[in-house]
Amino acid sequence: MIKTVLLDLDNTLLDFYRAEEAAILGTLQDMHIDPKPGIAARYSAINAGQWALIEQGQTTRERALVRRFELLLEELGADRSAAEMKDIYEKRLACGHFFMPGAPELLEALYPVYDLYLASNGTTAVQQGRLKSAGISHYFKEIFLSQQLGANKPDPAFFERCFEKIPGFRRENTVIVGDSLTSDIQGGMSAGIHTCWFNRDGIPCLSSIVPEAEISELGELPALLAGM
């Protein structure tokens with residue numbers, strides 16, 4: 001029986017891609033750079049690549065968060081400060097939110113039944129700002145942010161540091177729900193807890209990372225958890 005639910009934030013509860021697009025376009029405007037067609041999608045791909053390197057332990061968070069803008073500025077041929085761009089972008093990203101469809105209703109449904117914890121790889125200041133904007137922090141017993149814990153999903157150290165803070169924690173009663181196979185699902189599998197992949201786009205699972213359960217809409221989760 002599931003008692004403890006770890007929920008991812010980006011693209012699970014909050015729509016990160018919409019927030020990312022608004023933030024990068026606003027940042028380019030602030031830095032007087034013409035936003036060429038497709039530039040938001042290109043930045044998203046660069047950013048995803050840098051986060052993949054973080055997950056794989058091939059770079060540090062501090063380096064990756066600046067490097068993504070160095071790469072973007074190189075492609076744009078713009079002589080600007082990547083560090084300044086990072087600061088502007090993070091301030092913009094932190095000041096708003098977009099819910100994933102069904103997210104508020106899901107939290108209302110799960111809150112009376114389960115012990116909810118947030119587990120996110122995002123930067124502390126950014127995630128705290130987005131959570132404040134969304135007004136959902138009160139649903140969680142505790143909010144686990146990788147920058148504060150000193151380890152990133154899927155590193156087992158991230159999960160062990162979360163588990164240490166959960167009263168009466170038991171692996172067999174715990175599930176992680178998230179959209180990332182490499183971060184949420186791989187991390188949950190390595191940590192020995194149940195896993196549920198939020199696969200909104202119906203992507204075929206062709207990797208060696210096989211989730212225990214899968215949903216395509218958040219509204220499917222309460223019934224699934226009740227049967228686990």
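The sheet here is an open one of six strands, ordered β3-β2-β1-β4-β5-β6 and paired in parallel; strands are DSSP runs of E with at least two residues, helices runs of H or I with at least four, both numbered from the N terminus, and two strands pair if DSSP finds at least two bridges between them. All of this comes from a predicted model, where local features need pLDDT of at least 70, side-chain atom pairs count only at pLDDT 80 or more, and totals for chains, interfaces and linings use all residues. Residues are numbered from 1 along each chain as its sequence is written, and side-chain values use heavy atoms, with hydrogens and water left out.

At the edges sit β3 (142-145) and β6, each pairing on one side only. From one strand to the next, the twist averages 20° (axes are lines fitted to C-alpha atoms, for helices over the stretch in contact, and angles run from 0 to 180 degrees between N-to-C directions). Between the parallel strands β1 and β2 there are four bridges, and Leu-6 has Tyr-117 of β2 as its bridge partner.

Two helices lie against these strands. Helix α6 lies across β2 and β3, at about 145° to β3. Helix α8 (residues 156-163) packs on the sheet as well, touching β1, β2, β3 and β4, and its direction makes about 160° with that of β3. Contact means heavy atoms within 4.5 Å.

Now for the cores. A nonpolar core is a set of buried Ala, Val, Leu, Ile, Met, Phe, Trp, Tyr and Cys residues joined through side-chain atoms within 4.5 Å; buried is under 20% relative accessible area, exposed over 50%, and partly exposed in between (1.4 Å probe, protein chains only). The largest core has 28 residues, and Val-5, Leu-7, Leu-13, Leu-116, Phe-140 and Leu-221 touch the most other members. Elements giving it two or more residues include β1 (4-7), β2 (115-120) and α10 (221-226), but α5 gives the most, with four. Leaving aside neighbours within four places in sequence, Leu-13 has contacts that include Leu-7, Phe-98, Leu-118 and Phe-140. There's also a second, separate core of 23 residues, with Leu-28, Leu-73, Ala-78 and Val-126 among them.

After α3 comes Gly-77, with a positive phi near 65°. In α4, the buried set includes Met-85, Lys-86, Tyr-89 and Glu-90, and the buried residues pack against α1, α2, α3 and α6. At the start of α4, a side-chain oxygen of Ser-81 comes within 3.4 Å of the backbone nitrogen of Ala-83.

Most residues other than glycine have a negative phi, and most peptide bonds are trans. Asn-11, in the loop between β1 and α1, has a positive phi of about 65° and is buried at 9% relative accessible area. His-32, in the loop between α1 and α2, has a positive phi of about 60°, yet counts as exposed at 68% relative accessibility. Finally, the peptide bond from Lys-153 to Pro-154 is cis, with omega near 10°, and Pro-154 lies in the loop between α7 and α8.

Terms used. A polar contact is a pair of N or O atoms within 3.5 Å; within protein, one must be able to donate a hydrogen and the other to accept it, and residues adjacent in sequence count only if both atoms are side-chain atoms.
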